[in-house]
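My entries follow the structure.

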Amino acid sequence: MASPPRNTLRALCTLITIFLLLAGLAALIVWLIYRPHKPQFTVVGAAIYDLNNTCPPFISTSMQFSLVTRNPNRRVSIMYDKLTAYVSYRNQAITPSLALPPLYHATKSTVALSPVLGGAGVPVSVEVSNGLVMDEAYGVVALSVVLLGRFRWKAGAIKTLRYGVYVKCDVWVGLKKGLVGQVPLLGSPKCKVDI
């Protein structure tokens with residue numbers, strides 16, 4: 001069997017190289033046009049209805065945080081397929097995870113979320129239990145609202161693969177023993193969003 005002529009192999013390699021360069025250039029142009037940016041999250045309100053730490057090592061809580069999320073993209077919308085939320089104190093969950101409904105975030109839009117987080121006793125370490133009692137007595141408690149999930153970018157008919165998203169909102173709330181309902185937020189910094 002005879003080997004193919006060198007000119008045929010050279011032409012084939014040149015054709016493949018040109019195709020790959022054009023595909024890369026097209027992908028770069030599409031990325032430059034659409035260039036998706038991360039969503040932005042901010043905590044704007046908090047209410048604590050129950051914070052029971054009388055039966056260590058379990059804490060039962062009922063809290064509601066109002067979050068505002070903004071999609072800064074002009075051409076790209078965001079579709080959250082799965083989203084769960086919980087509250088943590090000193091990097092340990094003090095509420096069970098709550099599954100949120102799917103969310104469609106149109107371009108240049110703002111969406112408010114106000115999940116009520118909490119439930120039956122959640123096991124915590126002695127350090128967390130004692131720290132929460134001390135902070136509550138002091139009147140200021142540092143909590144973190146955490147959102148975990150999966151989302152897709154959508155531009156026209158094009159949908160990307162699913163990406164994981166991790167949102168952590170560190171908030172300081174003014175909390176006194178026995179106080180129920182709306183609590184003051186001591187600052188509302190932007191949340192950290194990792195994709």
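Entry 1, conventions. I call a residue buried under 20% relative accessible area, exposed over 50%, and partly exposed in between, with a 1.4 Å probe and protein chains only. The model is predicted, so I note that local features need pLDDT of at least 70, that side-chain atom pairs count only at pLDDT 80 or more, and that totals for chains, interfaces and linings use all residues. Residues are numbered from 1 along each chain as its sequence is written, and side-chain values use heavy atoms, with hydrogens and water left out.

I looked up R90, which is not a glycine and yet has a positive phi of about 50 degrees. R90 lies in the loop between β3 (77-89) and β4 (92-93); strands here are DSSP runs of E, at least two residues long, numbered from the N terminus. With a relative accessible area of 44%, R90 is partly exposed. I then turned to K108, also not a glycine, and found a positive phi of about 50 degrees. K108 sits in the loop between β6 (103-105) and β7, and its relative accessibility of 44% makes it partly exposed.

I took two strands as paired if DSSP finds at least two bridges between them. Strands β1 (residues 40-55) and β2 (residues 58-70) run antiparallel and are joined by 12 bridges. I48 is placed opposite M63 in β2, and M63 in turn stands opposite L117 in β8. I recorded 6 bridges for the antiparallel pairing of β2 with β8 (residues 116-123). For β2 and β7 (residues 110-113), also antiparallel, I recorded 4 bridges; R70 stands opposite T110 of β7 there.

Is T95 buried or exposed? I found T95 buried, at 2% relative accessibility, in the loop between β4 and β5 (98-100). Leaving aside residues up to four places away in sequence, T95 touches T61, Y86, V87, L117, G118 and V122, where contact means heavy atoms within 4.5 Å.
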